[in-house]
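Biologist: I'm new to this one. Can you walk me through it?

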Amino acid sequence: MAKVYVFLADGFEDVEALATVDILRRGGVDVKTVSIKNGTAVNTAHGVTVMADMPFGQADFADADMLVLPGGMPGATNLNDHKGVRDALLEQDRKGGKIAAICAAPMVLGNLGLLKGRRATCYPGFEKYLEGAQYTADLFTTDGNITTGEGPAATFPFAYELLATLTDEATAHEVAKGMMYLHLIAAGK
């Protein structure tokens with residue numbers, strides 16, 4: 001079973017974090033939410049308090065198949081300013097592990113130099129932070145071990161892409177079908 005850690009910082013985008021966690025868990029992925037604070041209570045960008053599975057200091061990312069950064073402001077800035085998060089991302093990339101970031105959060109990867117020579121997407125206006133990347137403006141973009149997503153409305157296709165990457169296309173398809181996502185796409189909505 002794949003193991004994923006989703007970083008939660010005060011000001012994270014509710015939909016991007018929680019829908020991604022939900023979709024991955026529906027697909028059988030072991031997902032742990034990690035508060036970058038000392039405690040587990042984290043406030044979303046829209047004023048919802050969420051209890052993370054663990055505080056950053058109790059997490060060990062050695063078994064991580066993927067590290068995920070939701071966007072939102074100031075959540076993405078808070079992730080970018082956290083030395084432990086930056087170090088974990090650099091180590092994950094060094095060992096060839098998967099990394100995903102959506103909305104404003106790809107700026108963290110850009111600031112670390114992890115997007116140089118890669119295709120990437122982000123929330124419009126944040127492409128200036130994708131240092132050395134080719135900006136795609138797609139809903140999601142996977143290049144090598146890194147997947148980036150555009151913003152809140154891209155969360156479902158982004159999360160299904162992550163699920164397919166961590167499991168297989170059939171599992172992602174079944175979860176999307178069960179959540180009526182494929183029905184929505186077929187209806188052209």
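Modeller: A term to start with: buried means under 20% relative accessible area, exposed over 50%, and partly exposed in between (1.4 Å probe, protein chains only). This is a predicted model, where local features need pLDDT of at least 70, side-chain atom pairs count only at pLDDT 80 or more, and totals for chains, interfaces and linings use all residues. Residues are numbered from 1 along each chain as its sequence is written, and side-chain values use heavy atoms, with hydrogens and water left out.

Biologist: Is Lys3 buried or exposed?

Modeller: Lys3 counts as buried, at 15% relative accessibility.

Biologist: Which residue forms a salt bridge with Lys3, the closest N and O atoms being 3.1 Å apart?

Modeller: That is Asp63. A salt bridge here is a side-chain nitrogen of Lys or Arg within 4 Å of a carboxyl oxygen of Asp or Glu. Asp63 is partly exposed, with a relative accessible area of 39%.

Biologist: And what about Asp30 and Lys3?

Modeller: Their side chains also meet in a salt bridge, 3.8 Å from N to O. Asp30 lies in strand E2 and Lys3 in strand E1, so the pair ties together parts 27 residues apart in sequence. Strands (E, at least two residues) and helices (H or I, at least four) are DSSP runs, numbered from the N terminus.

Biologist: How many salt bridges does a search of the whole structure find?

Modeller: Ten.

Biologist: Changing topic: which residue is the bridge partner of Asp143 in E11?

Modeller: Ile146. Strands E10 and E11 run antiparallel, joined by four bridges; strands pair if DSSP finds at least two bridges between them. In that hairpin, Gly144 takes a positive phi near 65 degrees.
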